[in-house]
Amino acid sequence: MKHLLERIGGFVPSLVALTLPLVSLPIASDSYILPRASIVIAGACLGIGLALLISAGPSLGAWRLPLLAAAGAAVLAFVFSISWPLSLIGSFTRYESLPMRLSYLGLAASAVWLLRTRLQQDAVGVAFVVGTSVVAFKAWLQWFFHAPFRPDGDVGNANLLAALIVMAIPIAIDRGRRSAYLTPAWAVAIVVLLAGLVVTTSRSGGLGLIAGTLTVIALSVPARFFRAAGALAAVGVGAAAAFILVWPPLRGLNQDPPELRVHLYQDALRMIAARPVSGWGEDTTGLAFGQFLSRDYAGLVTFDRVHSGVLEIAATQGLLGLAALTWVIVVLARGMWRGRSRPGVPGLAGALVGYSVWVFFNFDWAPATGAFWLLAGTCWSVLQAPPRVAVASREGMPVLQAPPLMAGASREGMPVLQAPPLMAGASREGMPVLQAPPRVAGRAREGHPSRPALAVALALAAVIFAVFFAVLPVLADVWYLKGRADLSVRVDPLQAQYHWALGTVPELQRAADLGETDPGMYITLGDGYAKLGQYDRAARAYRRALAIDPFYSPAAQRLRRSAPSYSSSSSG
């Protein structure tokens, strides 16, 4: 049974890599982001559960403590969150909650534990490129048929699609250069992906692609040329960034000039300085950012994100969270540098670098961030595998073999592979037989329970976690689209959006208590209290809307129009 689970589990990361770009759910209100967010959580839970049930596998090695530190920082941010329901469930269409942050780390760790063969490791990259190529082609079709929105390939956001493409192209380039027969197929995939990236009109995507591609080139050249290639890559990225900042058509693309980002980031720094240690809590930017906004960046558009992944982590998880995640990335980067000659590492490294550049100008979001952490775990799995050495075959050509096997002499004088003497065991007839060493060397997986009962209990806990945070939210959203918000609040009672949909004053107040980040909900709540003659509560609701977005004109207008009523009610 364990061998069957091991075989199945080895391809779970590939399944996640394929479905993350592809899956949408038209029968749900949030057809694009929520299904993919659920895949991230369910994939992490399934991977960890299977890893607990099968035999001990590869170790996390030097990545163990950084991942634990990142998880601990996320939990600490939740403990000190200004809205624990919001940090536990996540805001509607965002879902960057504590379970999501832990699931990102779980995806990375489970990929290391489950990917035990070269085939399984390669399958992750292939599946991801295939899935992303499909949605890139859909985006191109949307552009060709003049869709009334920025083409996104049904991912839900054009920039999200750009992030996926930025990670897929370096993998396709690396696989294409290493492939003996499928190079034309990889070339076709690259063309499709490039077409999809162009129609998204994502500047950060273009910059990330340049960085990721140059990373593949730099890590693929011989060691004596690396410094020159690295310098060329740095100059190329810098030149591309300068070109975007200077050339007017790119500078003002999508009505998002660089000056806006500069001022937004300055506001974000003030937000970070207000709670620098543990941050404001996962997904609470929409509640807290308003008090630090210095200007109205876009009329009636509420900023619930800082639009920089680095600053967003610092704001929601504090400098502790940022330091922990930096530790994770630095350890991974060192490993990629030392193992750059291993097949697959340049492509995966290029994908991770490309996403890192993209997210610096955007923010973490499950469809893209889940893929990033899955690819990061896959890369670490490749780095943890024992290196292969070349021996001579009968035809005189070098053949790659695993190092635990040692060469001995056959009767014909040709080298044959023999297991080390310590691996010999006894057959039923009492004669010694040679047994192959494990495919992947290293210590047994940390935390692998010695008792099967404990492993089963922890695996069941992972399943329950997936049901509560991956399955039930989707079910609630399906009912929400069908107009049954009364059923939605039963299965997902902490999601403020569904309480808002019920429309009664008590339910609207419940949505406010749960941390709804849309100021429009507080306008509806205030209007409801005003109709009941409770003007002081109405005023508090309008002021709460202004606390979320100080430039939200409907709230300011109501306060000015009804100020005498509120003041007389308060004095009486």
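Where is the place of Phe468? A few friendly notes follow.

1. This is a predicted model, in which local features need pLDDT of at least 70, side-chain atom pairs count only at pLDDT 80 or more, and totals for chains, interfaces and linings use all residues. Residues are numbered from 1 along each chain as its sequence is written, and side-chain values use heavy atoms, with hydrogens and water left out.

2. Phe468 sits in helix α18, residues 452-481 (helices are DSSP runs of H or I, at least four residues, numbered from the N terminus). Phe468 counts as exposed because its relative accessibility is 53% (exposed means over 50%, with a 1.4 Å probe and protein chains only).

3. Seven cavities of 30 Å³ or more turn up in the whole structure (a cavity is a set of points on a 1 Å grid over the protein atoms alone where a 1.4 Å probe fits but cannot get out; lining residues have an atom within 4 Å of a point).

4. Among the 16 residues lining the largest cavity, Leu34, Ile89, Tyr95, Phe469 and Pro473 lie nearest its centre. Helix α3 gives the largest share of that lining, four residues, while α3 (33-53), α5 (84-89) and α18 each supply at least two.

5. The largest pocket has a volume of about 1200 Å³ (a pocket is an open set with protein on both sides within 12 Å along at least five of seven lines). Its lining has 45 residues, with Asn159, Asp256, Arg261, His307 and Asn362 nearest the centre; α13 supplies the largest share, six residues.

Terms used:
Buried means under 20% relative accessible area, exposed over 50%, partly exposed in between (1.4 Å probe, protein chains only). Grid points are joined across faces, edges and corners, and a volume is the space filled by probe spheres set on the points.
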